[in-house]
Amino acid sequence: MEEVTAVPRRKLGSQGFEVSAIGLGCMGMSPLHGPAKSEKDMIEVIQTAIKLGITFLDTSDLYGPHTNSNIIGKALKGEMRQKVQLATKFGIKSLSGETGMVVCGDPKYVKEACDASLKQLGVRCIDLYYVHRIDTSVPIEITMEALKELVEEGKIKYVGLSEASPQTIRRAHAVHPITAVQLEWSLWTRDAEEEVIPTCRELGIGIVPFSPLGKGFFSSGPKVVENFASNDFRRHLPKFQGENLEHNKIVFERVNEMARKQGCSPSQLALAWLLHQGDDVCPIPGTTKIENLKQNIGSVVVKLTREDMLELESMAVGVKGDRYSPAVMQDTWRYANTPPL
């Protein structure tokens with residue numbers, strides 16, 4: 001019989017929200033990382049994750065758009081819903097090469113988006129509802145007041161922010177407690193450590209790293225680039241381009257060598273590094289394969305010393321390439337950094 005690793009639990013924020021130490025990012029189950037996947041297969045992945053102890057599911061109304069929520073809704077029919085902590089996001093009305101990122105934090109839209117997500121997910125209440133990007137044309141306090149009303153109405157339980165600056169986090173938290181901040185954090189993306197993560201810890205806010213495996217780099221290595229479909233947005237990321245990729249291959253080999261010494265895979269080592277950052281951290285690696293799901297769960301038993309952590313960080317310090325291309329980066333951080341009033 002295959003041995004099953006028990007997934008520990010962690011609390012995010014100070015309001016009592018408890019989740020599995022590793023979540024499941026569901027974005028890739030919709031056609032953003034290549035072609036559309038089989039709905040039946042994706043439902044099986046989600047339900048297998050829950051049976052194995054991963055109960056923290058992450059999606060957004062943007063993914064698909066909407067189709068991702070529909071898949072999750074079908075996977076959670078019946079008793080499955082009671083076993084999960086369901087997180088979704090709103091705020092990006094559209095994203096395209098023609099219009100760029102269209103963001104909205106207007107109170108009317110906040111409530112319309114929530115009602116639409118409840119219907120798509122087939123649930124009465126969303127456990128954790130994130131602002132996907134910050135609308136700088138609307139003070140964050142106004143957006144938060146609408147979210148506070150949704151909590152009072154019982155449509156959502158907890159509020160989160162995604163890709164928010166320290167000042168935005170503070171202002172939002174002053175209106176209603178923020179339970180979690182979602183951000184990109186991994187061995188090869190560490191800029192959030194400077195200000196955002198310390199701010200979260202000062203305020204008692206949980207930290208949810210997305211892309212904890214470096215957009216698949218630490219799960220598949222440099223060959224992941226060869227498998228990108230023509231419509232996979234990762235093809236255009238700077239870290240996967242030319243000289244940057246050649247340099248980053250060396251980083252991967254160093255991490256891979258350490259993983260061999262630890263008796264685990266590179267992906268397990270990368271996830272273990274995040275899990276060792278603190279009990280307020282819950283990474284949400286995405287996958288569409290049950291084999292990878294089981295690999296991710298195995299990271300919870302990887303033990304790292306402080307020396308191991310420092311060695312890993314020294315290996316990854318030389319990673320080359322920005323998170324996104326300048327054009328995409330401009331959209332991402334334009335909405336992430338709400339100026340002070």
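Predicted model: local features only at pLDDT ≥ 70, side-chain atom pairs only at ≥ 80, totals over all residues.
Trainee: What makes P266, S267, Q268, L269, A270, L271, A272, W273, L274 and L275 in α9 count as buried?

Mentor: A residue is buried if its relative accessible area is under 20%, exposed if over 50%, and partly exposed in between, using a 1.4 Å probe and protein chains only. Those residues of α9 fall in the buried class. Residues are numbered from 1 along each chain as its sequence is written, and side-chain values use heavy atoms, with hydrogens and water left out.

Trainee: What covers the buried residues of α9?

Mentor: The cover includes β1 (9–12), β11, α7 (217–220), α8 (242–262), α10 (290–297) and α11 (306–316). Those names come from DSSP runs numbered from the N terminus: helices are H or I runs of at least four residues, and strands are E runs of at least two.

Trainee: Why is K294 called partly exposed?

Mentor: K294, which lies in helix α10, has a relative accessible area of 36%, so it lands in the partly exposed class.

Trainee: What makes β4 and β5 a pair of strands?

Mentor: Two strands pair if DSSP finds at least two bridges between them. β4 (residues 56–58) and β5 (residues 85–90) are joined by three bridges and run parallel, so they pass that test. D58 stands opposite A87 in β5. Next, β5 and β8 pair in the parallel sense over four bridges, with A87 opposite L128 in β8. β8 and β9 then pair over five bridges, again in the parallel sense.

Trainee: Which order do the strands of the sheet follow, and why are β3 and β11 edge strands?

Mentor: The order is β3-β4-β5-β8-β9-β10-β11, an open sheet of seven strands with parallel pairing. β3 (24–25) and β11 (206–210) each have a single partner strand, so one side of each lacks a neighbour in the sheet.

Trainee: What makes the unit of β8, α4 and β9 right-handed?

Mentor: Point the strands away from you: a crossover is right-handed if the path from the first strand over the helix to the second runs clockwise. The β-α-β unit of β8, α4 and β9 is right-handed. As for β8, six of its six residues are buried, so the rest of the structure largely encloses this strand.

Trainee: How do you know that α8 and α11 are roughly antiparallel?

Mentor: Axes are lines fitted to C-alpha atoms, for helices over the stretch in contact, and angles between N-to-C directions run from 0 to 180 degrees. Under 35 degrees is roughly parallel, over 145 roughly antiparallel, 65 to 115 roughly perpendicular, and the rest oblique. The axes of α8 and α11 cross at roughly 160° and come within 9 Å. That is why the two helices are called roughly antiparallel.

Technical notes. Contact = heavy atoms within 4.5 Å.
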